[in-house]
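Visitor: Could you show me how to read burial, overall size and sheet layout from a set of coordinates?

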Amino acid sequence: MTESFTATIDVQPVKTLLSILSKLSEEAIYTWTPEGLRIRVVCAHRFKLADIWLKPEAFREYNCPETIKLGVVNERLKDIVKTLTTKDTVDFSYEDGKFVLESKGLRRVVKLLRLEYMNEVDSLPQFSYSYS
C-alpha cells in the first residue's frame with residue numbers, strides 16, 4: 001500500500017497559516033496524520049518556534065489513514081493560494097510521491113524537500129512558570 005492522503009479546506013486558514021510560517025522559516029515539515037495536520041517550525045536562530053495543529057474538523061474533508069511527513073518550501077504554497085479568494089477551497093493530496101494542490105481548475109505539483117536535510121522539531125521544550 002502506498003502512502004496517500006486527501007484534504008479539502010477553505011483558503012483563508014491556509015493563507016493565515018502560511019503568513020505565520022513565512023515569518024519564521026522558508027521551509028517546514030508538514031506532518032499529516034489521522035489526527036490532523038501538525039507543523040512545528042523553528043526560526044534559523046532557534047529562538048522563535050511555532051507548533052500548529054489543524055484538527056480534521058478544520059477541514060471540509062479529511063482522509064489520512066497513516067502518518068506522512070512532507071518537507072515543503074512555504075513560498076511554493078503561498079504562490080499558489082495568493083490568487084484565491086476567501087470563497088475558494090484548496091484540495092491537498094499526496095499519492096505516488098507527489099504533493100498536489102488543486103483549486104478552481106488549477107492543479108500544481110509541489111516539489112518536496114528531503115527530510116533528512118531539514119531542521120525537524122521533535123519535541124517542545126518544557127517550562128515551569130509561576131505567576132503572581
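Guide: A residue counts as buried under 20% relative accessible area, as exposed over 50%, and as partly exposed in between, with a 1.4 Å probe and protein chains only. By that rule, buried residues make up 39% of the 132 residues here. This is a predicted model, in which local features need pLDDT of at least 70, side-chain atom pairs count only at pLDDT 80 or more, and totals for chains, interfaces and linings use all residues. Residues are numbered from 1 along each chain as its sequence is written, and side-chain values use heavy atoms, with hydrogens and water left out.

Visitor: What radius of gyration does the protein have, and what would a compact globule have?

Guide: The radius is taken over C-alpha atoms, and the globule rule is 2.2 Å times the number of residues to the power 0.38. For 132 residues the rule gives a value near 14 Å, and the protein, at 15 Å, agrees with it. Along the principal axes, its C-alpha trace spans about 55 × 35 × 25 Å.

Visitor: In which order do the strands of the open sheet lie?

Guide: Strands of a sheet pair through backbone hydrogen bonds, either parallel or antiparallel. Strands here are DSSP runs of E with at least two residues, numbered from the N terminus, and two of them pair if DSSP finds at least two bridges between them. The open sheet has five strands in the order 5-1-7-8-9, with antiparallel pairing. Strand 5 (61-63) and strand 9 (106-110) stand at the edges with a single partner strand each, so one side of each lacks a neighbour in the sheet. Strand 8 (residues 98-103) is joined to strand 9 by five bridges, and valine 100 has valine 109 in strand 9 as its bridge partner.

How values were computed
Helices (H or I, at least four residues) and strands (E, at least two) are DSSP runs, numbered from the N terminus.
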